[in-house]
Structures are given as C-alpha cells and as structure tokens.
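Trainee: I have this one open on the screen. Can we go through it piece by piece?

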Amino acid sequence: MAWTCTGRSNEELIDKLRKAGLINSRRVASAMSQTDRRHYVPEKEYAYQDSPQPIGFNATISAPHMHAHALEDLEDFLRPGMRVLDVGCGSGYLTAVMHRMVSPTDSDIKGTVIGIDHLSGLTDLSVRNLKNDGVETGSGKGIEIVTGDGRNGWSLGAPYDAIHVGAAASTLPPALVDQLKSPGRMFIPVGSSEQAIWRVDKAKDGTLTKTELFGVRYVPLTDKKAQWSA
C-alpha cells in the first residue's frame, strides 16, 4: 500500500490511508486529521504526497503511510496522560500528532510528549512549525522540544510509555531501552545496509520482546558531524 495514498488535501490523505487499511484506529485518524501536514513541509504543494520529503539539514519527514504505521503500532501506549519520547523529531509533525493523542482537547487528562533532535536548526524548525499549527511548546504545555543526542534519550522526562525513533539505529540504543517504562513500547528502525522496523515491548517485570515488523529505508540515527558530512 506504500506510496499509493497521495491526496489533494489532508482530509483526502487520511481517507486514503484509512481505505488502504493503514489507519484503523479512530484516535489515530482523528489526531492525524487535526494535524495538517502543510505546516510541516517546506514545499506546500507536496504536503499530501505519500512519500518522504527533505526538510533541510540532511533530514526528511517520513511518508504519511510510515507515520500511520508508527501511530497504529504505538496506539495502546499513546493514551491520555501517557509520556512519549519522539527521537529525531525533525519537522515536529509526528510529535504534534502524538501530543493530540495523549492530551486530547476533549479530556482533562493530559500527557507529555518530548521531541528531541541533535541539530538546533531542526528543533527550531519543529517549534516554528508547531506554532504555525497552533501548538504551544515549553514546560507545562504538554509538549517540549529539546536539543540533544537522541541515541541517549532524554533522561529528564523518563520513563516513557512510548518511544518513537524516526531514524535508523545500527543497533538498539541501550539508553532508550533503559528509559522505556515497564510496560512500554518502542517503534524503531534498526540496521545499516538492510533496515527493519522493530517493535520493542518491555513487560511489567522488565522482560524485553523484540519483534521485526517489516523492511524499511530510513536516514541513519547518527551524530551532528556525520549528518552534516552526509
């Protein structure tokens, strides 16, 4: 179904993702419908294409079908009041969608989403995009954008019910495993020449279960120097 859900509007894009079976949760559909991709891409005419797009700084925003996969897989850990870490937040799009899932406007229960990227240019971009989408960021707002090496997680906000990683790690980062709640779930692309999405579940007793879901091709989860030299 990949690459086939391009729409002429955000509404049409979400409708096609639902008809393709990529979105089944009403909560996911609602949060994605509230988060217009045109606020998060530099080329507005391509906002609703079902394909990854460059956002500058040798980074990309993932295709909508990949965002749908991630949200559907993490949905049980994106309930109102839960804590989430978005590693490689990039444009801020998925950070915004997850914020709307853990802090819905129709609920008094509010969660927290922390988006992290290692380039200040990207975190500044996220904050601007979120503001344009009507989302306030900062301490006490339920959504924070921080600059740091996402491979080390963000210990100040841990533990997290859900961790989403938007770039491919060569191996599973131990810090992210440590910062995952028990129970909790991580959605992460892993691999170098060949990559796959892993679902990492941590049980209540701390036991880890790693499930390979499907093959992908993501930009690497790396450091600032390597990203700029790419």
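**A walk through the model**

Mentor: Tyrosine 40 is buried, at a relative accessible area of 2%; buried means under 20%, exposed over 50%, and partly exposed in between, with a 1.4 Å probe and protein chains only. Before going on, note that this is a predicted model, in which local features need pLDDT of at least 70 and side-chain atom pairs count only at pLDDT 80 or more, while totals for chains, interfaces and linings use all residues. Residues are numbered from 1 along each chain as its sequence is written, and side-chain values use heavy atoms, with hydrogens and water left out.

Trainee: Where does tyrosine 40 sit?

Mentor: Tyrosine 40 is in the loop between α2 (26-34) and β1 (53-56). Helices (H or I, at least four residues) and strands (E, at least two) are DSSP runs, numbered from the N terminus.

Trainee: What is tyrosine 40 in contact with?

Mentor: Contact means heavy atoms within 4.5 Å. Leaving aside neighbours within four places in sequence, the contacts of tyrosine 40 include Ile55, Ile61, Tyr93, Leu130 and Asp133. Asn129 is also one of them; the C-alpha atoms of tyrosine 40 and asparagine 129 are separated by 5.7 Å, although the two are 89 residues apart along the chain.

Trainee: How many aromatic pairs are there?

Mentor: Rings of Phe, Tyr and Trp (its six-membered ring) pair if their centres lie within 6.5 Å; planes under 30 degrees apart count as stacked, over 60 as edge-to-face and the rest as tilted. By this rule there is 1 aromatic pair. Tyrosine 40 and tyrosine 93 form it, edge-to-face, with 5.6 Å centre to centre and 75° between the planes. The pair links distant parts of the chain, with tyrosine 40 in the loop between α2 and β1 and tyrosine 93 in helix α4, 53 residues apart.

Trainee: Is tyrosine 93 buried or exposed?

Mentor: Tyrosine 93 is buried, and so is tyrosine 40. Arginine 37 lies over the face of tyrosine 93, at 5.1 Å from the ring centre. A charge sits over a ring if NZ of Lys or CZ of Arg is within 6 Å of the ring centre and within 35 degrees of the ring normal.

Trainee: And arginine 100, why does it count as buried?

Mentor: Because its relative accessible area is 15%. Arginine 100 lies in helix α4 (residues 93-102).

Trainee: What does the side chain of arginine 100 make a polar contact with?

Mentor: With the side chain of aspartate 133, at 2.8 Å. The arginine 100 side chain also reaches the backbone oxygen of glutamine 34 at 3.3 Å. A polar contact is a pair of N or O atoms within 3.5 Å; within protein, one must be able to donate a hydrogen and the other to accept it, and residues adjacent in sequence count only if both atoms are side-chain atoms.

Trainee: Different topic. Where is serine 25 found?

Mentor: In the loop between α1 (10-19) and α2. Serine 25 counts as buried because its relative accessibility is 11%. Its side chain makes a polar contact with the side chain of glutamate 75 (3.2 Å). Serine 25 also caps the N-terminal end of α2, with a side-chain oxygen 3.1 Å from the backbone nitrogen of arginine 27.

Trainee: Which residues of α1 are buried?

Mentor: Asn10, Leu13, Ile14 and Leu17 are buried in α1. They are on the same side of α1 because they cover an arc of only 95° around the axis, the arc being that of the directions from the helix axis to the C-beta atoms. An α-helix has 3.6 residues a turn, so residues three or four places apart point the same way. The buried residues of α1 pack against α2 and α3 (64-74). The face turned away from the buried side of α1 carries the exposed residues Glu11 and Lys19.

Trainee: What covers the buried residues of α2?

Mentor: The cover includes α1, α3 and α4. The buried residues of α2 are Val28, Ala29, Ala31 and Met32.

Trainee: Now strands. Why is β6 described as largely enclosed?

Mentor: Because 6 of the 6 residues of strand β6 (residues 160-165) are buried. Two strands pair if DSSP finds at least two bridges between them. Strand β3 (residues 83-87) runs parallel to β6, joined by 4 bridges, and β6 pairs with strand β7 (residues 180-191) in the parallel sense over 4 bridges.

Trainee: Which residue in β6 is the bridge partner of leucine 85?

Mentor: Isoleucine 163. In β7, the bridge partner of isoleucine 163 is methionine 186. Strand β7 is also largely enclosed by the rest of the structure, because 9 of its 12 residues are buried.
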